[in-house]
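Hi,

Here's the structure I promised to pass on. Have a look at it first, and my notes follow below.

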Amino acid sequence: MKKETICVQAGWKPKNGEPRVLPIYQSTTYKYESSEEMGKLFALEKEGYFYTRLQNPTNDAVAEKICELEGGVAAMLTSSGQAATYYSVFNICEAGDHVVLSSTVYGGTFNLLTCTMKKMGIDCTVVDPDLSEEELNKAFQANTKCVFAETIANPALVVLDIEKFAHIAHAHQVPLIVDNTFATPIHCNPFEWGADIVTHSTTKYMDGHAMAVGGAIVDSGNFDWAAYPDKFPGLCTPDESYHGVVYTEKFGKKAYIMKATSQLMRDLGSIPSPQNSFLLNVGLETLPLRMERHCYNSQKVAEFLESHEKVAWVNYPGLKSNKYYTLAQKYMPEGTCGVVSFGLKGGRKAAEVMMEHLELTAIVTHVADARTCVLHPASHTHRQMTDEQLVEAGVAPDLIRYSVGIEHIDDILADLETALSFV
Ligand SMILES: *Cc1c(COP(=O)(O)O)cnc(C)c1O
């Protein structure tokens, strides 16, 4: 099926007489007729629901839809994008291990990997994603367990050369994890270019209405963990906390997601509420329609800004003048995302004046939803970073992140025009 159809039809498949729309299974637990039946579930002899922290029918239906959209073999939802990032790495790394991280990733990911997980004993080398393979090679160590990067970096809008990153990760016998939040599976399927695992903050375009924080992890099933048992003991040797199961042996291509569910979700518990998954599912139904409009509008906004006398620079991978135009055409020929970043000739001060005079465009921390919104990362989301770190992350101190919504383009442009007249 095509993605437009998957978005509407996949996941929930009602049987005769069941509700047409995905029900919200707002229940923590599930009833069984006998103690023996329940026992079989815990002994892993039978599959079934027993507690919503581990599995819930509403959550599972939505995970299945996202799995199909990405072309994976297994997927899980998490309560936030941050939890998805954390689980995706922690599922294959422990104290003493090492991660190679693209410098332009989302600020929350940067913090998680370089500060919080460092405290847990997981080390991290930050690399410029535009480096050559030869230069990237130097970042790898014997204890490296994965590479993490973003399809389109938030907010630097750096487009990842996925094939280059997959190639170098595989040369070092580790998987490539790609955060595909900004491109969405509508515009890019990183698995087709060699990525092994995809993560999402579903909070953004997938939900699309700024209603529910959430995340997802999808596994392509392509990385052969069992070929490197010494590197990935958690997947290839018995899990004493779970009946001595060897995930690669018992679950095959689904080993990675099964381990993340039965070990990390069991112990750390970042499960989404079924209510939120229901909302996410409604958002997913219109994702292709919205992405088309987001990209149409943002292309117009980028072109408008590029020709405006008060604008110093514009960054949008859909502009022919953009450094990443060629990569964007290769990996996302039908469009990138609805986020445009730019700087004004008057710098930081001018940005503040402009933002004060925007009416339709709201100043919010959020990005990538139906309503046009704006943010100044250096004063907001990336406030904790030094100027040096900001530059490394591809975030200029004067950078304005403009998230173009799905309103009529004329109204968006009029709002920008008016606000810029005050600068
Ligand atoms: C927002 C975002 C995250 C974090 O997701 P939350 O749902 O806010 O926890 C991770 N990666 C990217 C690219 C994001 O934009």
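**Strand S1 and what sits around it**

S1 is mostly covered, with 4 of its 5 residues buried (buried means under 20% relative accessible area with a 1.4 Å probe, protein chains only; strands are DSSP E runs of at least two residues, helices H or I runs of at least four, numbered from the N terminus). Before you go further: this is a predicted model, where local features need pLDDT of at least 70, side-chain atom pairs count only at pLDDT 80 or more, and totals for chains, interfaces and linings use all residues. Residues are numbered from 1 along each chain as its sequence is written, and side-chain values use heavy atoms, leaving out hydrogens and water.

S1 runs antiparallel to strand S7 (residues 215–219), joined by 5 bridges (DSSP has to find at least two for a pair). Met76 stands opposite Ile217 in S7.

There's also 1 cavity of 30 Å³ or more, meaning a set of points on a 1 Å grid over the protein atoms alone where a 1.4 Å probe fits but cannot get out, with lining residues having an atom within 4 Å of a point. The largest cavity holds about 70 Å³, the volume being the space filled by probe spheres set on the points, which are joined across faces, edges and corners. Strand S1 (74–78) and helix H12 (274–285) are the elements giving two or more residues to its lining, and H12 has the largest share, 3 residues.

As for the ligand, one of its oxygen atoms is 2.8 Å from an N or O atom in the Ser201 side chain.

Cheers

Key:
On a 1 Å grid over the protein atoms alone, a cavity is a set of points where a 1.4 Å probe fits but cannot get out, and a pocket is an open set with protein on both sides within 12 Å along at least five of seven lines; lining residues have an atom within 4 Å of a point. Buried means under 20% relative accessible area, exposed over 50%, partly exposed in between (1.4 Å probe, protein chains only). A polar contact is a pair of N or O atoms within 3.5 Å; within protein, one must be able to donate a hydrogen and the other to accept it, and residues adjacent in sequence count only if both atoms are side-chain atoms.
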